[in-house]
Every structure is written in C-alpha cells, then in structure tokens.
Amino acid sequence: MTRLRLLQHRAADGKRSVIAATDAGANMVVGVDSVRDLAARAIADGTDLAAAVQACGTGAAVDIAAELAAGRLISPIDHDDPAHLIMTGTGLTHLGSAEGRDKMHRAAQAADTLTDSMRMFLDGVAGGKPEAGETGQQPEWFYKGDGSGLVGPGGALISPAFAQDGGEEPELAGIYLIGPDATPFRLGLCLANEFSDHVTERHNYLWLAHSKLRQAALGPELLTGAIPDHIEGMSRIHRGGALLWEKPFLSGEANMSHTIANLEAHHFKYDLFRRPGDIHIHFFGTATLSFSEGVTTQEGDVFEIEAAPFTLPLRNTLANAAAAPVTVRPL
C-alpha cells in the first residue's frame with residue numbers, strides 16, 4: 001500500500017515548502033508553505049491530507065534523500081508561535097518497557113516488592129487496551145515542553161549544563177492539530193528521539209518530570225493514514241565516526257500494552273489540550289534505551305533512528321549547553 005508522507009523544506013533563501021512523498025516519488029506541493037496550513041485546509045474542506053494535497057496540486061520533483069543530506073529538510077510539523085506547540089508523552093506503554101525502568105528503581109526497594117513503575121506497567125497490561133465504549137487504564141504522562149524545544153532532523157540535541165545525562169529514546173510520536181471546534185485531528189506519525197536525562201530519573205523516579213524537560217527531535221517524514229500495527233526499527237549511537245551501540249526496537253500496537261486510542265483519550269480528555277489552532281506532539285514511549293545497557297553518552301555522539309515504513313533516518317548530535325545561572329529579582 002502506498003503511504004503518503006509529508007515533509008517540510010526550507011531553501012537557502014529561507015523560503016519554505018511542503019513535499020508530498022509516496023513510493024512513486026516526491027514532489028513539491030503547490031500553494032502551501034507548512035504542513036499545518038495544509039492540515040487546516042483539509043479540516044476546513046472536510047477532507048483528509050491526501051485530498052488536500054490533490055486539491056493543491058504538485059509541482060517539481062524532489063530527491064528527499066539529497067535534500068536531507070543538504071540540511072534543507074526541517075521538522076515536518078511546527079507552529080509560528082512556539083508556545084502553541086505542546087510536547088508531551090507517555091511511558092511504560094510498550095511490552096518489555098518496564099524492564100529498563102525497573103532496573104533503575106529496584107535498588108531503592110526490597111527485592112520482593114513491586115516498584116511503582118512495575119505496578120503502573122502491569123496496570124497498563126491489564127487495562128490499556130479497553131473494549132469499544134470502555135475507559136481504559138490511564139498511562140504514565142509527562143510534559144516535555146513547547147515548540148522552543150523541538151529539534152529537526154540533523155539538528156543538535158542540547159543537554160542543559162545542569163543535566164546528569166543526555167540519552168536517546170527511539171519512539172513514534174503522534175502529531176495533532178486542534179480544529180476550530182476543539183476536535184483533535186491526528187495528522188500522522190513521526191519517528192522521534194524523546195531525549196531524556198536518565199541519570200536524574202534513576203536517582204528518584206519522582207524526578208521523572210525534571211528528566212523529561214528536555215529538547216526532542218522529529219524525523220523528516222510525517223506518515224499519514226492508519227497507524228501501522230507493527231513497526232520494527234534500529235536505534236544506534238555513533239562516536240568518532242564508529243558505531244558504539246545499536247539495538248532493534250519495536251513499536252506499534254502489537255508491541256504495546258496500550259492502544260494508541262487509549263493514550264490519545266487520556267491526553268485529550270483535558271480541555272487545556274483542546275485549544276483550537278494548537279499543535280500537539282505526543283510521544284508514545286519505547287522499550288529500548290542504551291542507558292539500560294550501561295552506555296554513557298558523550299558530547300559529539302550521534303544518535304540515529306530508522307524504521308520502515310519511514311524511508312529517511314533521524315540523526316542528531318549530542319551537544320552540551322554552557323552554564324546559564326539564573327537570578328530571581330524581587331520587584
């Protein structure tokens with residue numbers, strides 16, 4: 001089945017364009033400069049993204065691999081006002097995802113006692129895939145930040161000076177636009193690196209919120225249409241031009257303890273997250289972390305994530321920010 005993928009392009013002169021790609025090739029979309037604009041047109045017309053592309057028409061052919069290599073592909077979704085792009089996520093959603101988390105937390109508890117992480121994971125296994133019309137178990141939820149923390153393909157993931165670690169999390173992210181009547185519309189999925197501070201989290205799981213307030217990266221393609229039930233990819237870390245670590249990862253509902261619909265329901269049940277015009281990037285979780293296998297990342301490491309049916313990889317380099325002390329001034 002041919003899957004429509006949408007990309008955003010920025011030329012050297014700053015001009016932006018949207019690219020529509022299928023197995024048959026990739027072409028510029030006429031008359032739109034953002035995927036958000038294209039999606040808004042589809043909502044207004046009561047159609048879908050494929051029909052919106054057809055209505056706009058397509059122009060010049062594009063070699064998307066060459067454009068990625070040249071640094072001209074940007075994040076496939078963004079917002080003119082970063083405060084109206086909200087990044088959030090869910091954890092302990094994948095079968096096997098509790099293992100790494102439990103290793104981090106078990107040392108603080110007796111060996112015969114379930115950690116809170118394991119209890120939450122088991123709750124998801126028992127109730128994360130409800131029958132139609134039923135309310136499923138709510139997942140772990142966290143806030144990552146707004147659009148100011150969104151990094152595109154090839155960009156640096158910058159770890160704050162106060163961070164204890166900067167580690168990769170290879171995932172899928174759902175991309176949503178809230179319609180004029182407050183309806184959330186799922187535009188599709190992106191490959192994602194939900195960059196986190198696992199050392200801080202390991203110290204105390206109640207510091208999860210701190211560990212997640214970091215940048216995150218999206219791959220160059222937004223995959224439209226139905227969510228694949230099974231996605232198998234590869235997560236790698238390169239250091240000094242050599243492969244340091246790699247491991248396959250699985251996603252899609254066949255490999256998850258929650259349905260995507262259940263994760264969506266528990267996010268968008270809040271009125272705050274149904275504000276017309278907002279973009280939401282919602283990370284669906286992972287079971288694969290280099291940190292769980294004893295890898296300590298270093299500045300200059302390159303994270304690489306790839307998975308079919310996405311055709312382009314997501315690569316980002318780890319960088320460390322300079323210290324920026326903050327002083328609160330009373331008025």
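Predicted model: local features only at pLDDT ≥ 70, side-chain atom pairs only at ≥ 80, totals over all residues.

User: How many helices and strands are in the chain?

Analyst: The chain contains eight helices and 17 strands.

User: What share of the residues counts as buried?

Analyst: Of the 331 residues, 51% count as buried. The chain exposes about 15,000 Å², and carbon and sulfur atoms supply 53% of that area. As for contacts, among those with a separation of 6 or more, 73% are between residues 24 or more positions apart.

User: Let's turn to helices. Is helix 8 largely enclosed or left open?

Analyst: Helix 8, residues 260-268, is largely enclosed by the rest of the structure, because seven of its nine residues are buried. Those buried residues are Ile-260, Asn-262, Leu-263, Glu-264, His-266, His-267 and Phe-268.

User: What covers them?

Analyst: The cover over the buried residues of helix 8 includes strand 6 (85-91), strand 7 (140-146), strand 10, strand 11 (184-193) and strand 15 (279-283).

User: Which residues of helix 1 are buried?

Analyst: In helix 1, which runs over residues 35-45, the buried residues are Val-35, Arg-36, Leu-38, Ala-39 and Ala-42. Seen down the axis of helix 1, these buried residues fall within an arc of 160 degrees, so they line one face of the helix.

User: New topic: how many salt bridges does the structure hold?

Analyst: The structure holds 18 salt bridges. One of them is between the side chains of Glu-221 and Arg-5, at 2.5 Å from N to O. That pair links distant parts of the chain, since Glu-221 lies in strand 12 (residues 216-223) and Arg-5 in strand 1 (residues 5-10), 216 residues apart.

User: Are those two buried or exposed?

Analyst: Glu-221 is buried, with a relative accessible area of 1%, and Arg-5 also counts as buried, at 4% relative accessibility. The cut-off that matters here is that buried means under 20%.

User: Which residue forms a salt bridge with Lys-212?

Analyst: Lys-212 forms a salt bridge with Glu-169, and their closest N and O atoms are 3.1 Å apart. This pair, too, links distant parts of the chain, with Lys-212 in helix 7 (residues 208-212) and Glu-169 in the loop between strand 9 (156-159) and strand 10 (170-178), 43 residues apart. Both Lys-212 and Glu-169 are buried.

User: Which residues do salt bridges with shared partners join into one network?

Analyst: The residues joined into one network are Arg-236, Glu-246, Glu-304, Glu-306 and Arg-315.

User: Where is Glu-67, and what does it touch?

Analyst: Glu-67 is in helix 3 (residues 64-69). Not counting residues up to four places away in sequence, Glu-67 touches His-9, Val-62, Arg-72 and Leu-73. With Arg-72, the side chain of Glu-67 meets in a salt bridge of 2.6 Å, N to O. Glu-67 is buried, with a relative accessible area of 14%, whereas Arg-72 is partly exposed, with 30%.

User: Last one: which residues make the nonpolar surface patch?

Analyst: The patch, of about 330 Å², is made by Leu-95, Leu-114, Leu-122 and Val-125. Val-125 belongs to helix 5 (residues 116-127) and counts as partly exposed, because its relative accessibility is 44%.

Notes. Residues numbered from 1 in each chain as written. Heavy atoms only, no water. Patch = residues over 30% accessible without salt bridge, like charges linked within 9 Å, V, L, I, M, F, W, Y side chains within 5 Å. Areas by Shrake-Rupley, 256 points an atom, 1.4 Å probe, with all protein chains shown as cover. Salt bridge = Lys/Arg side-chain N within 4 Å of Asp/Glu carboxyl O. Helix = DSSP H or I, 4+ residues; strand = E, 2+ residues; numbered from the N terminus. Buried < 20%, exposed > 50% of the residue type's maximum accessible area, 1.4 Å probe, protein only. Contact = heavy atoms within 4.5 Å. Arc of directions from axis to C-beta.
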